[in-house]
Structure formats: structure tokens, C-alpha cells
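Please keep the sequence and the structure in view while reading.

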Amino acid sequence: MADENLIKSNKRVKEHGEVFTPKRIVNQMLNQPELVESLNSLSTTFMEPAAGEGAFLTELLRRKLILANKLSTDLKSYEANAEIVLSSLYGIELLEDNVKVLVMRMYNIFSHHYFQAIQKWSGKKNPKVTSSAMTIIEANMRQGDALKKATKDGRSIIFSEWKLLPVRNGVQKVQRIEYTLDAIINDKGPLDESVPSRKVEQLDLFGFDDEVDEEPKKRFKACKLVDIYKEEMEEVTD
Ligand SMILES: C[S@@+](CC[C@H](N)C(=O)[O-])C[C@H]1O[C@@H](n2cnc3c(N)ncnc32)[C@H](O)[C@@H]1O
């Protein structure tokens, strides 16, 4: 399209290879039969490792939210399905301004489709739904270097898995589990909340661990999809 801004500056193209993909090409790529098939499931996971302003992620979100609308029987089920859709989309982008635009675009698309669903089922906006949506988007769209698997200050890029638990008494709960990008790529386990990176650095520097207090292990509390925004933690006792 003529009015698409695919380049912000020659400097950014040179330094970061920043050239955005035109909508037409995004659609051609997402219309490949294997991808169309994957897009028939709400929870199929996608990751855009040099996400820019989310050329692919925003279109994936739009398509998946249309599917969520089709599969839902009422506003409540749409709200749950739409959060599941969001939790399946991940991105990494190096530049802070792009990440901000990416997060806002994802949120705006979510809100637009939520508004349509509210009208379709003559319902009311639940602010918990939009707050939880923003929590998921911010957790899934990370700023960092996908090659180094690290943030600007050298910390590991951390992603959350949003694991759906078996439905009990009609209630769908989700367990949020954090992993470093390195652990995901190398098939290692989740982050151990008992050893914050600050303490690992301390251990590395001085080599004696008995002077480092162990903090209690914590994990995110399993919660309803609409309560994700609370980000409640609990101590691990088992
Ligand atoms: C060619 S653009 C593509 C953006 C988007 N995927 C699209 O198709 O429109 C590449 C993007 O990757 C980002 N980038 C460059 N090096 C990166 C790295 N090491 N890790 C993460 N993102 C990076 C740039 O800032 C830029 O936004």
C-alpha cells in the first residue's frame, strides 16, 4: 500500500535492518496452507523474533480473534478465548520505540475486537479483561536482542508460558510459568524463583554460597484468565 511507512530512516535500516513488511506480503505469507491450518486453533503459538511494530503478530492476532468470536457462545466465553489467543503470541524486538508501538497495536486490536463482541452479545465491558490483556501483552512482547537472548542491560530475556489447567466446576484457570529464552531454546526447565539473578551474580563473584540468604521459592498463583492482571504470587511449599 502506498501509505505504508516501511522505513523510518536510512540510519535505522543500516544499523538495525529495520524495514517493515508490507501488509500485502504479510497476508500472502500467512495465507500459506500450513499456516492457515495452524490458525484454526486458538492456542497455536507464534513467535516473531525481530518483531518491529508487529507486522505479523498484529495480523495473527486479528485472524485469531475472528476465530475466537466464531467459536464463542457468549461474551464470557469470548473473553476467555480472546485471552487464550493473546497468550499464544510472542515477540522480541531490539528497539524500545518499536516495542512501545507493538504493545499498543496489539492492545488496540484486542480492544477493537472486544468492543465488537460486546455489541454482538449486548454485554458490558469487564475492565479485568482489558487489564489482563495488557498484562499478557507486556509479558509476551519483550524488548531485547534475540541473538544474544538478553536485554539491553545483559539480563536474560524472560517469557511466560500461560498453561491452561483442566476445567474444574466450569472454571478455567491458568498457570503462568516463567522461562528464560535460553531455557526455551535449549529445552531447559522454568526459572527458579528462589535464586534471583542478583544473587547468582554474587555467587559467581565471590564463590561462597553460605553467606547468601535463600529466599522462599515463589511462583505465580493459578488464577482465572480474567484475574491474570493481579499477578499474584504464592510460596512454593511442595
Ligand atoms: C526487517 S525488520 C522486520 C520487522 C517485522 N518483523 C516486519 O516484518 O515488519 C527487523 C526488525 O528487527 C529488529 N532487530 C534487529 N536486530 C535485532 C535483534 N538482534 N534482536 C531483536 N530484534 C532485532 C529491528 O529493530 C527491526 O525492527
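**The ligand and its surroundings**

The shell around the ligand is made up of 11 nonpolar, 6 polar and 4 charged residues. The model is a predicted one. In it, the space that the ligand takes is the largest pocket, and a search of the whole structure also finds 1 cavity of 30 Å³ or more.

**Residues around the ligand**

- The ligand is surrounded by 21 residues.
- Thr21, Glu48, Ala50, Glu93 and Ala146 are the closest of these residues.

**Polar atoms facing the ligand**

- In threonine 21, an N or O atom of the side chain is 2.4 Å from an oxygen atom of the ligand.
- Asparagine 98 places a polar side-chain atom 3.3 Å from an oxygen atom of the ligand.
- Alanine 146 takes part through its backbone, where an N or O atom lies 2.9 Å from a nitrogen atom of the ligand.
- The ligand would expose 590 Å² if taken alone, and the protein buries 84% of that area.

**The largest pocket**

- This pocket, whose space the ligand takes, has a volume of about 720 Å³.
- Its lining consists of 37 residues.
- Phe20, Ala51, Gly52, Glu53 and Gly54 are the lining residues that lie nearest the centre of the pocket.
- Several elements each supply at least two residues of the lining: the helices α2 (23-30), α4 (55-71) and α6 (96-120), together with the strand β2 (89-93).
- By class, the lining of the largest pocket comprises 15 nonpolar, 12 polar and 10 charged residues.

**The cavity**

- How many cavities of 30 Å³ or more does a search of the whole structure find? The search finds 1.
- The largest cavity has a volume of about 90 Å³.
- Its lining is formed by Trp162, Val174, Arg176, Phe220, Lys221, Cys223, Asp227, Ile228, Lys230, Glu231 and Glu232.
- The lining of the largest cavity divides into 5 nonpolar and 6 charged residues, with no polar residues.

Methods
Residues numbered from 1 in each chain as written. Predicted model: local features only at pLDDT ≥ 70, side-chain atom pairs only at ≥ 80, totals over all residues. Heavy atoms only, no water. Near = heavy atom within 4 Å. Polar contact = N/O pair within 3.5 Å; in protein donor to acceptor, adjacent residues only side chain to side chain. Areas by Shrake-Rupley, 256 points an atom, 1.4 Å probe, with all protein chains shown as cover. 1 Å grid on protein atoms, 1.4 Å probe; cavity = no way out; pocket = protein on both sides within 12 Å on 5 of 7 lines; lining within 4 Å. Sits in = over half its atoms within 2 Å of the grid points. Nonpolar A, V, L, I, M, F, W, Y, C, P; charged D, E, K, R; others polar. Points joined across faces, edges and corners; volume = space filled by probe spheres on them. Helix = DSSP H or I, 4+ residues; strand = E, 2+ residues; numbered from the N terminus.
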